[in-house]
Amino acid sequence: MTPPPAVETIGAAAARRAALAAQGFADPRPAGPVTRRHLARTLDRIRLLQLDSVNVAVRAHYMPLYSRLGPYQRELVDDAAWSHSARRPRLLAEYWAHEASLLPVEDWPLLRAGAKRDGWWRHYGALVERHPGLVDDVLAAVKELGPIGAGALETAVGGPSRPRPPGASWWERSDVKRICEYLFGIGALTTGTRRHFQRLYDLPERVLPPHVLAAPAPSQEEAARALVLRSAAALGVATETDLRDYYRLAPAANRAALLALVEAGELEPVEVRGWARPGYRVPGARLPRRIGGRALLSPFDPLIWERSRTERIFGFRYRIEIYVPEPKREYGYYVFPFLLDGELVARVDIKADRRAGVLRVPGAFAEPGADLPRVTAELAGALREMADWLELDGVVAGERGDLAAPLASAVHASHSLT
């Protein structure tokens with residue numbers, strides 16, 4: 001019997017470079033305008049664009065492409081996700097992946113095959129059993145009127161089924177809205193388009209390309225293997241829990257898929273010095289000798305959205321503080337890590353003040369051991385570039401953090417030169 005091949009051991013720095021390369025940070029930015037082809041190539045790497053309602057700086061799904069490609073027209077994403085024609089079919093679909101996400105249309109059936117953990121919308125199954133006619137009414141209304149929002153559907157199916165009391169919070173939804181979420185979760189509805197970020201529901205057969213709808217439905221096991229393989233390619237080198245988290249797969253399905261992929265030689269185990277658990281990677285995964293360049297990263301960027309992995313790979317403890325009371329925040333409301341030459345060297349609290357026409361940076365903080373003059377200069381340049389992309393007139397640095405004063409000076413100097 002042939003013994004299994006020896007497991008390679010790599011250092012933590014190599015694992016970090018592998019992760020960055022897999023996420024597209026080892027590639028040069030496009031020399032000319034960013035096109036639909038660049039978008040598709042980046043999505044082939046990272047697979048997901050997480051959606052989030054927070055719009056303090058820029059909506060979450062736009063930022064990962066900017067971090068990797070540089071300035072681009074955001075309408076490129078809108079067109080790929082929420083419009084289509086015979087000449088330009090839709091590239092992206094919405095579904096629950098890591099969280100609510102945009103993903104390649106071909107991946108939509110994989111996520112509905114049962115390999116994921118049950119979504120929170122499954123709790124609305126009891127409502128479906130109590131009011132099966134409401135499901136039929138909603139589907140009929142969407143078929144007739146879609147794409148249509150949940151609020152308009154309340155009227156279309158006969159008015160709100162549960163009046164909202166005065167002062168009720170946004171999560172106290174009517175039964176119609178719950179049914180919409182349930183039908184979206186099981187794939188009976190999808191997003192036809194968005195208007196002012198509001199989801200407008202439509203039927204999948206009117207949204208997804210014919211080749212996606214006609215493809216044979218994958219089994220749970222086939223879907224799990226395909227998704228784990230996508231996770232591994234997107235992460236570079238990853239533990240079992242890292243792989244599971246990328247698409248929020250069910251633990252048993254993830255472990256079974258991982259074993260099958262290793263046995264088939266489609267994934268290989270690797271030891272990473274300093275990691276408590278074994279890693280896995282796609283054979284031949286790219287491992288560059290160095291990573292250059294700079295990027296501001298959204299809190300929802302796939303490179304850093306799994307916080308324990310971020311700390312393990314970069315030595316960078318990161319928590320989003322949106323829900324932390326302001327007096328207790330350590331760094332700020334909406335903080336972007338700053339990537340420079342393959343290391344997370346700083347973090348900045350960012351707010352796009354659209355009324356004043358400026359990008360505000362209330363706080364800027366360097367990581368221990370950072371080269372302060374270089375980090376300051378590169379960060380000032382990155383912030384100015386982001387302000388231009390967002391069509392803001394300039395950058396205003398605040399007073400919080402050890403980088404605040406030098407950043408303010410660097411920003412002022414750059415403004416004086418323009």
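Select strands β1, β7 and β8: they form an open three-stranded sheet, ordered β1-β7-β8, with mixed pairing. Strands here are DSSP runs of E with at least two residues, helices are runs of H or I with at least four, and both are numbered from the N terminus. Two strands count as paired if DSSP finds at least two bridges between them. The edges of the sheet are β1 (8–10) and β8 (279–281), each of which pairs on one side only. Direction ignored, neighbouring strands of this sheet are turned by 45° against each other on average; the axes are lines fitted to C-alpha atoms, for helices over the stretch in contact, and angles run from 0 to 180 degrees between N-to-C directions.

The model is predicted: local features need pLDDT of at least 70, side-chain atom pairs count only at pLDDT 80 or more, and totals for chains, interfaces and linings use all residues. Residues are numbered from 1 along each chain as its sequence is written, and side-chain values use heavy atoms, with hydrogens and water left out.

Pick E8 and look across to V270 in β7, its bridge partner.

Next, select residues 190–195 and 198–202. These are β5 and β6, an antiparallel pair joined by five bridges. T193 stands opposite L200 of β6. The two strands make a hairpin with two residues between them, and H196 in the turn has a positive phi of about 55°. Strand β6 is largely enclosed by the rest of the structure, because four of its five residues are buried. Buried means under 20% relative accessible area, exposed over 50%, and partly exposed in between (1.4 Å probe, protein chains only).

For a charge to sit over a ring, NZ of Lys or CZ of Arg must be within 6 Å of the ring centre and within 35 degrees of the ring normal. A further case is R312, whose charged end sits over the ring of W275 at 4.7 Å from its centre.

Now turn to aromatic pairs, of which the whole structure holds 12. Rings of Phe, Tyr and Trp (its six-membered ring) pair if their centres lie within 6.5 Å; planes under 30 degrees apart count as stacked, over 60 as edge-to-face and the rest as tilted. Select F316 and Y318: the ring centres are 6.0 Å apart and the planes meet at 45°, so this pair is tilted. Both F316 and Y318 are buried. Then select Y334 and F336, an edge-to-face pair with 5.5 Å between centres and 70° between planes. Y334 is buried at 1% relative accessibility, and F336 is buried with a relative accessible area of 1%. Y66, Y72 and W389 can be shown together as one aromatic cluster.

Move to D353 in strand β11 (residues 343–353). D353 counts as buried, at 17% relative accessibility. Leaving out residues up to four places away in sequence, D353 touches V358, R360 and L392, where contact means heavy atoms within 4.5 Å.

Finish at A152 in helix α8 (residues 150–156). A152 is partly exposed, with a relative accessible area of 40%. Draw a distance from the C-alpha atom of A152 to that of L213: the two residues are 61 apart along the chain, and these atoms are separated by 27 Å.
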